[in-house]
Structures are given as structure tokens and as C-alpha cells.
Amino acid sequence: MDRSRHLLFSTALVWCCLLGSARAQWYRAELITEHGERIPFFLQLPENCETATATIVNGQESIPTSCERDESGFTLDFPVYETRIEARFVENGDGAAVGTWSHFIPTVGKGSTKFEARPVAEPDPRTRFAIGSDEAREPPVDVSGIWRFEFDLYDLAKGVFHQEFTSVVTGTIEVPSEYGDMRFLAGNVFGRRMVLSTFDGRHAFLLEGRVGPDGTMHGEWVLDSRYWDPFVAERADDVELPDPLERVRVTSTETRLELEHLRSPKYVGKPVIVEIFGTWCPNCNDLAPVLVELHRKHRSEGLEIVGLAFEFEGDETANERRVLRFQEKHGAEWDIVIAEQSFEELVRDGLGGLTPIEGVPVTVFINRDGTIHAVYAGFSGPATGDA
């Protein structure tokens with residue numbers, strides 16, 4: 001089956017399964033930044049949140065989400081990230097809802113973003129973004145393929161886009177400086193303008209670019225009111241990203257990780273994976289199922305895993321609660337220690353025996369003799385496909 005037919009089939013299958021939920025209502029929802037940018041996504045809200053979950057849709061991605069609802073409105077909870085959407089139904093609004101997305105942004109603090117949602121018949125990818133009258137007269141430019149991105153703030157990145165149904169675009173961008181990717185991006189091309197978005201409970205991204213006559217794309221990446229990062233992109237099938245095995249180097253002359261927890265008899269003489277992460281980090285949550293499977297397959301051979309969580313909240317109880325939710329969500333049956341070192345210190349100084357670390361996750365593989373075998377920086381999530 002060629003890619004075009006495969007995407008059409010899989011999208012139709014997602015719609016069919018989701019639309020089959022009893023009396024579920026679809027919405028085209030938007031998060032509206034303080035500067036007026038609109039970040040759309042599709043939302044399915046069940047009639048009874050006690051027996052069904054809500055679903056967020058970004059292209060081929062569907063995210064089941066716990067919810068509560070009554071006659072006045074609804075809430076959507078993302079417990080691992082400790083974020084929440086609270087909305088009330090608009091009187092005489094035919095089911096429309098308004099509210100806020102409450103979230104915690106590392107290094108920034110707590111914040112809220114305006115939320116709006118209007119009922120739609122189905123999550124039609126052709127209508128994720130609204131088309132302008134002038135743009136409707138211009139045929140959409142083809143953006144499918146591999147692109148080399150240069151961001152002002154996040155430097156080199158690799159974009160891979162697939163264009164279907166003439167104007168519908170899906171894909172993602174791998175961002176080495178963030179040790180991950182931009183999640184499942186979905187949107188549209190109107191004339192020479194491409195607009196993509198995603199929302200997963202933790203991230204709200206908007207990517208907007210315009211393709212010039214020479215084929216170069218200029219635009220901006222909006223990160224849920226935190227940053228506006230301009231970029232220039234051009235097609236480049238041969239774009240190469242930094243090797244994740246060379247991003248973080250070992251500085252210890254004994255090639256050992258100076259971590260007190262590793263001195264426990266539980267780990268001596270065993271192969272150990274040390275996972276440097278944060279519960280707030282979506283790429284860390286993407287990696288967790290892989291580690292769970294590794295642990296399941298090799299624990300009988302002695303494999304141990306230790307998590308070192310870098311949390312941003314000063315409330316120790318809140319940090320412990322997030323770690324517990326992370327373990328419960330993923331079924332992580334290993335010790336997780338909350339780091340005493342701050343994330344800023346990790347970025348500036350590194351961890352004992354390692355060079356400074358730009359982001360998380362970072363996976364340290366330790367031999368049975370306690371020496372470091374390799375250090376892998378980052379993790380490419382499911383939106384990156386083969387990567």
C-alpha cells in the first residue's frame with residue numbers, strides 16, 4: 001500500500017473508531033496566546049466522562065485524556081504533567097465552550113492560556129486551520145520532504161513533512177538542542193503559507209512559515225507564549241544531526257558516574273542504566289516504555305535501572321507526587337531519585353563525571369564493573385518514524 005493510501009486508510013480508521021463512541025461530541029479547539037496566536041487541535045468529548053475518556057487528535061496521533069463534565073462545562077486532566085483545561089459551556093452557544101489551560105512551565109512558573117472550543121461534525125484535517133479569502137484562490141505549494149531548519153534560538157533541526165489531500169500536512173521536526181522533537185505536527189498549506197500545530201497536554205506548538213519563490217521557507221516557531229523563535233528552512237535530503245552518542249562526554253578519569261545511589265549493593269556488579277530525566281519532559285515520557293521493555297526482558301540477567309529526576313517545583317511533596325504518577329503511568333519498576341542538583345546546574349556544570357547537559361533525557365549505560373559504557377543524549381519520539 002503506497003503512503004498516500006496508507007495515510008488515508010489510517011486516518012479514516014481513527015475517525016471511525018473514535019466516532020463510534022456513544023454520543024461523543026467533536027470540537028475544533030484552540031489555545032490562544034497572550035499575543036493572539038491561535039494553536040488549534042481536535043478534541044472529542046464523551047457524554048459520560050465516568051465511563052469514557054476524552055481524546056485529543058493531532059494528525060495521526062490520538063491522546064486519551066481523563067475528563068470530568070456536567071451541565072455547566074468540563075475539565076481535561078493531564079496528571080503526569082500536572083496541567084488542566086477547565087472550560088464552561090457558553091449559554092446559547094450550541095455547545096461551544098471557553099476556559100483556560102493551566103500549566104507549569106519549567107524556569108518560568110505557573111501560567112494559564114485562553115481556551116476556546118466549537119463543535120464540529122468530525123475532525124476534518126482540511127479545517128484544522130482557517131483559510132483566508134486571498135489564500136483560497138492560490139494553489140497550495142508542495143512542502144513534502146526533508147528540510148534543514150536553522151532556528152535563531154534552537155539552531156540546527158531536521159523537518160520531515162508529508163502532504164496529503166492537497167492542503168493537509170503532517171510531520172515533525174527533530175531539534176537536537178532540545179534533545180527531542182516537536183511532537184506530532186498537523187496542519188495545512190494555504191498558497192505559500194504553511195501552518196502546523198500540536199497540543200499534548202504539556203506542549204502547545206505553532207509553526208508558521210512562508211515559502212518564497214526560491215523555495216526557501218521563512219517563519220516562526222511559537223512555544224505556548226514562552227518563545228517566538230524565527231527560522232529559515234530549505235530542502236536538504238542529506239541533512240545530518242549531531243550524533244546523540246557524542247553530545248555528552250565523560251570527564252571522569254575513572255570513567256565512572258559520581259552518583260551516590262550507585263554505591264548501593266543493589267547495583268554493584270550489575271549492568272545499570274541511569275536515566276537523567278524530568279517528569280515534565282514529553283520525550284522522557286516517550287522513552288519510558290522503551291526502558292520498561294528493556295527492564296522486563298533483561299532484569300533476569302541482572303539489569304538495573306535508576307531514574308534521576310530533575311524537577312522544577314520547590315515543593316518536595318509535589319515533586320514526589322509527580323514522580324509517583326510517572327511510575328504508575330508507565331509501570332516503571334525501578335528506583336527514581338529526585339535530584340538535589342537544580343536543572344540549571346545540570347546545564348551549566350553537568351553531572352559528576354559528565355560534561356554539561358543541554359537537556360533531557362540523557363541515558364547513561366554502565367558496565368558491570370561500574371565504568372561508563374556509553375552516554376546517549378535525547379530520544380526521538382514516535383512522531384519521528386524511523387528516527
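Predicted model: local features only at pLDDT ≥ 70, side-chain atom pairs only at ≥ 80, totals over all residues.

Biologist: Which other residue has a positive phi although it is not a glycine?

Modeller: Glu 82 has one, with phi about 55°. Glu 82 is in the loop between β5 and β6 (83-89), and at 24% relative accessibility Glu 82 is partly exposed.

Biologist: Where is there a cis peptide bond?

Modeller: From Val 360 to Pro 361, with omega near 10°. Pro 361 is in the loop between α4 and β21 (362-366). Most peptide bonds are trans.

Biologist: Back to that β11 loop. What does Ser 177 touch?

Modeller: Ser 177 sits between β11 (168-175) and β12 (180-181). Leaving out residues up to four places away in sequence, Ser 177 touches Tyr 154, Arg 247 and Glu 358, where contact means heavy atoms within 4.5 Å. The Ser 177 side chain also reaches the backbone oxygen of Tyr 154 at 3.0 Å. With a relative accessible area of 16%, Ser 177 is buried.

Biologist: Let's switch to pockets. What is the volume of the largest pocket?

Modeller: About 650 Å³. On a 1 Å grid over the protein atoms alone, a pocket is an open set of points with protein on both sides within 12 Å along at least five of seven lines, while a cavity is a set where a 1.4 Å probe fits but cannot get out; lining residues have an atom within 4 Å of a point. Points are joined across faces, edges and corners, and a volume is the space filled by probe spheres set on the points.

Biologist: How many residues line the largest pocket?

Modeller: It has 27 lining residues, and Tyr 154, Glu 178, Arg 226, Trp 280 and Phe 343 lie nearest the centre of the largest pocket. By class, that lining has 14 nonpolar, 6 polar and 7 charged residues (nonpolar covers Ala, Val, Leu, Ile, Met, Phe, Trp, Tyr, Cys and Pro; charged covers Asp, Glu, Lys and Arg; the others, Gly among them, are polar). Helix α4 gives the most to the largest pocket's lining, with 3 residues.

Biologist: And the second largest pocket, which residues lie nearest its centre?

Modeller: Ile 63, Pro 64, Tyr 81, Asp 200 and Lys 329, out of 22 lining residues. The second largest pocket holds about 460 Å³, and β4 supplies the largest share of its lining, 6 residues.

Biologist: How many cavities are there?

Modeller: There are 3 cavities of 30 Å³ or more. The second largest cavity has about 80 Å³ of space, and its lining includes Glu 82, Trp 280 and Arg 322.

Biologist: Trp 280 again! Which ring does Trp 280 pair with?

Modeller: Let me take the pairs in order. The structure holds 16 aromatic pairs, where rings of Phe, Tyr and Trp (its six-membered ring) pair if their centres lie within 6.5 Å, with planes under 30 degrees apart counted as stacked, over 60 as edge-to-face and the rest as tilted. Trp 101 and Phe 199 are edge-to-face, 5.1 Å centre to centre with 85° between the planes. Trp 101 is in strand β7 and Phe 199 in strand β14, so this pair ties together parts 98 residues apart in sequence. Phe 199 is buried, with a relative accessible area of 0%. As for Trp 280, its ring pairs with Phe 343: the centres are 5.6 Å apart and the planes at 90°, so that pair is edge-to-face too.

Conventions: Residues numbered from 1 in each chain as written. Heavy atoms only, no water. Helix = DSSP H or I, 4+ residues; strand = E, 2+ residues; numbered from the N terminus. Buried < 20%, exposed > 50% of the residue type's maximum accessible area, 1.4 Å probe, protein only. Polar contact = N/O pair within 3.5 Å; in protein donor to acceptor, adjacent residues only side chain to side chain.
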